[in-house]
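Subject: Structure handover

Hello,

Here is the structure I said I would pass on. Please open it beside this email as you read.

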Amino acid sequence: MKHHRVAAGALITVVGLALSACTEGDSPNPTPGETTTQAKAPPSSVEVPEGVSEALPATLGEYPRVDGSTAAIPLGRALLERLVGVEAAHLEELVVFNTTPVAYLNLADNLADLVLGYEPAEETKREVAAKGAEFDYFPIGSDGLVFLVNTANPIESLTQEQVRGIYTGDITNWKDVGGADAPIAAFQRPEDSGSQSLMRALVMGPTPMATPPMDQVSAGMSGLIEALASFDNAESALGYSVFFYASEMYSQPNVKIIAVDGVTPSAQTIASGAYPYVNDFYAVVRASEPADSPARAIALWLTGPEGQELVTGLGYAPAGG
């Protein structure tokens, strides 16, 4: 069984890929650079150690305190329903995820036992590192950073070079990338957000991003998508999110996901590595979490065949090999 232990301030790497995060700033329960490509291993490729099933919680009283990223809320609900048998009508009130940065701080402060989500942003890592925390990260699925435009925008695809050019401020008009003669309103996320960290790690690398106007910084993932749908001159706007959230959790009729280098993001192209901007997400526990604890048992179970079946059945792509 592969897992990766790091001090909270270190860069998380799994099988050679620099990975990042997403999904802060929303209400806790919404309605349901270049990188090397890499094929994902099938769920059955991971063996769960003996004894894990016996340590899984069977009642609410045994269930650990779980927090996480907004885009992992459907997984949190499905996990509670699967393991404990909670009725669907009660899942929304029982599964409250406080977004990526808060979840990791809660884990460091012993206010949560298990985090389901994406790699924290650098600022969050520094805060957690200052607390002396160390976590174990278990890859359980993968997702893609995707780019969104209003359906009134004729653009269907951008190259990686064009995306970087837009977000450095070198490209400022849609006509320069095959669109209409209109200025590009390139939305960003706040610096402490996980998806901004993902944008920097997967897309920009060491290249600095342009400073956006204040009205083009969206605190929440849903707010960014709503801005693309209804912002003044919305057809000029460009933004980013993670695929699962934009396609499954908060899909809007006036917003479309565009291709990158001609590859349309989907569960299949993310799983195969054909889509260029892919990162894993995790089940995370404190390194000090006992080997037979329910929290660690859940993290391990999610890496195995049954857990991966649950993850992929919800529409997430499987974890990398």
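Below are my notes on one strand, a pair of helices, a loop residue and one further helix.

First, the ground rules. This is a predicted model, where local features need pLDDT of at least 70, side-chain atom pairs count only at pLDDT 80 or more, and totals for chains, interfaces and linings use all residues. Residues are numbered from 1 along each chain as its sequence is written, and side-chain values use heavy atoms, with hydrogens and water left out.

Strand β11
Helices (H or I, at least four residues) and strands (E, at least two) are DSSP runs, numbered from the N terminus. Start with strand β11, residues 278-286. Nine of its nine residues are buried, so β11 is largely enclosed by the rest of the structure. Buried means under 20% relative accessible area; exposed means over 50%, and partly exposed lies in between (1.4 Å probe, protein chains only). Val278, Asp280, Tyr282, Val284 and Arg286 point one way from β11. Asn279, Phe281, Ala283 and Val285 point the other way.

What does β11 pair with? Strands pair if DSSP finds at least two bridges between them. Strand β5 (residues 114-117) runs antiparallel to β11, joined by three bridges. There, Val115 has Val284 as its bridge partner. Strand β6 (residues 134-150) also pairs with β11 in the antiparallel sense, over nine bridges. Pro139 stands opposite Tyr282 of β11.

Helices α2 and α12
Now look at helix α2 (residues 73-84) and helix α12 (residues 305-313). Their axes come within 10 Å and cross at roughly 130°. Axes are lines fitted to C-alpha atoms, for helices over the stretch in contact, and angles run from 0 to 180 degrees between N-to-C directions. α2 and α12 are therefore oblique to each other. Angles under 35 degrees count as roughly parallel, over 145 as roughly antiparallel, 65 to 115 as roughly perpendicular, and the rest as oblique.

Which residues meet? Leu75, Ala78, Leu79 and Arg82 in α2 contact Glu306, Leu310 and Val311 in α12. Contact means heavy atoms within 4.5 Å.

Thr70
Thr70 sits in the loop between β4 (66-68) and α2. Is Thr70 buried or exposed? Thr70 is buried, with a relative accessible area of 0%. Its C-alpha atom is 9.2 Å from that of Val96, 26 residues apart along the chain.

Helix α7
Finally, find helix α7, residues 194-204. Nine of its 11 residues are buried, so α7 is largely enclosed by the rest of the structure. Among them are Leu198, Met199 and Leu202. Just after α7, Gly205 takes a positive phi of about 60°.

Best wishes
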